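Welcome to a short tour of a protein model. Have the chain in view and follow along, element by element.

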Amino acid sequence: MSYKSNILLIQPSSLTYKGTTPTVSSQIIAFTISLTMASPKTPIPHHRQIWLQQADPEIRIHYIECLPTSGDPKGTILLIHGFPETSYQFRHVTVPLAEAGYRVIAPDYRGAGYSSHPPDGYTKDVLAQDLYKLVTEHMGIKEAIHVVGHDIGGMIAHAYVAQFPSNVASVIWGECPLPGTKFYEDTKHTAPLWHFDFQAQSDIAVSLVSGKEKMYLKHFYDRLAQNPEAFSNEDLEFYAMQYSMPGALRSGFHVYRMFEQDAVHNQEWLNRNGKVEVRSMILSGEHVFMTASALEMASEMYGNVERGIVEGSGHWLAEENPKDFVRKVLGFVEKR
């Protein structure tokens with residue numbers, strides 16, 4: 001939004017001395033300039049971090065918080081990113097969700113983005129526990145929240161609701177073959193998911209990709225996007241910088257190395273507790289190979305699930321079509 005402001009400048013026109021005291025004759029110049037600034041009612045994302053563990057290995061979680069500017073929040077939406085991304089993937093949607101009246105939290109999970117890169121703890125149950133502590137202990141949020149996870153974040157969202165169902169009002173997840181499901185078993189070694197096996201061999205994978213992070217990441221953005229121009233050169237540089245940090249690739253690849261253990265956990269929760277009954281939506285891009293099977297996959301783990309489609313999007317929902325992503329999230333969250 002643009003504002004016009006009248007500025008008065010007092011400019012000295014002459015300088016004389018009376019004794020040792022200077023006397024200034026001034027002329028007043030008035031002019032108008034235009035300033036571009038955010039509306040005072042626009043929510044502002046704030047970057048923060050907490051330490052879950054300060055002793056070695058340090059476990060530090062960075063997160064973005066965006067609050068509505070008027071009234072009490074309608075609720076809390078936790079946005080969980082995927083790979084090879086960070087909380088930055090939600091840059092287009094945090095403000096619109098806050099403008100709709102929600103407290104929005106977008107963390108970098110353990111090992112990603114600005115968070116620390118400890119050597120272990122990359123099973124999805126542990127990653128979900130980190131975020132649960134962030135929300136309930138550090139931020140003091142006791143009411144049930146809305147959990148939204150994409151890609152790896154979808155796996156973490158499932159682990160969150162499976163472990164803490166009473167703390168979840170709704171869960172939206174997708175764009176991932178969930179370990180422990182038939183779809184995961186049928187596709188985990190197929191060509192579209194070649195990186196599952198490659199990144200699970202984390203030592204050699206890190207050695208081969210180090211120094212080539214930008215090229216490696218761009219491969220996924222180009223191949224999985226319906227609209228690759230959703231990623232600007234600045235976006236690519238930022239992601240490449242984050243995954244070039246010491247330990248970042250290793251941490252990201254360890255997330256994949258743990259898939260088989262995640263499958264065991266997911267089946268154990270299913271056998272012990274039955275299907276998740278929290279209201280859920282499997283959210284997919286319109287032009288993604290797994291979209292046709294998404295609802296069937298989710299129904300293996302959820303008893304109360306529906307399907308959502310982000311129109312015109314490939315894999316990167318919140319970046320390729322942020323308006324429809326927000327529309328689908330709010331439409332589900334606010335459904336009664």
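Helices (H or I, at least four residues) and strands (E, at least two) are DSSP runs, numbered from the N terminus. With that in hand, look for Val206, which sits in helix α6 (residues 202-209). This model is predicted, so local features need pLDDT of at least 70 and side-chain atom pairs count only at pLDDT 80 or more, while totals for chains, interfaces and linings use all residues. Residues are numbered from 1 along each chain as its sequence is written, and side-chain values use heavy atoms, with hydrogens and water left out.

Which residues does Val206 touch, not counting residues up to four places away in sequence? They are Leu249, Arg250 and Phe253, where contact means heavy atoms within 4.5 Å.

Next, find the open sheet: 8 strands in the order β3-β4-β6-β5-β7-β8-β9-β10, with mixed pairing. Two strands pair if DSSP finds at least two bridges between them. At the edges stand β3 (46-53) and β10 (305-310); each has a single partner strand, so one side of each is left without a neighbour in the sheet. Inside the sheet, strands β5 (residues 75-80) and β6 (residues 102-107) run parallel and are joined by 4 bridges. Here Ile77 stands opposite Val104 in β6.

**A salt bridge**

Side chains of opposite charge can pair when their charged atoms come close. The structure holds 16 salt bridges (a side-chain nitrogen of Lys or Arg within 4 Å of a carboxyl oxygen of Asp or Glu). One of them joins Lys74 and Glu334 at 3.3 Å, N to O. Lys74 lies in the loop between β4 (59-66) and β5, and Glu334 in the segment after α13 (322-333), so the pair ties together parts that are 260 residues apart in sequence.

**The largest pocket**

A pocket is an open set of points on a 1 Å grid over the protein atoms alone, where a 1.4 Å probe fits, with protein on both sides within 12 Å along at least five of seven lines; lining residues have an atom within 4 Å of a point. The largest pocket is lined by 22 residues, and Asp151, Leu193, His195, Leu224 and His315 lie nearest its centre.

| Element | Residues |
|---|---|
| α3 | 152-163 |
| α5 | 194-200 |
| α7 | 213-224 |

The largest share of the lining, 3 residues, comes from α7.
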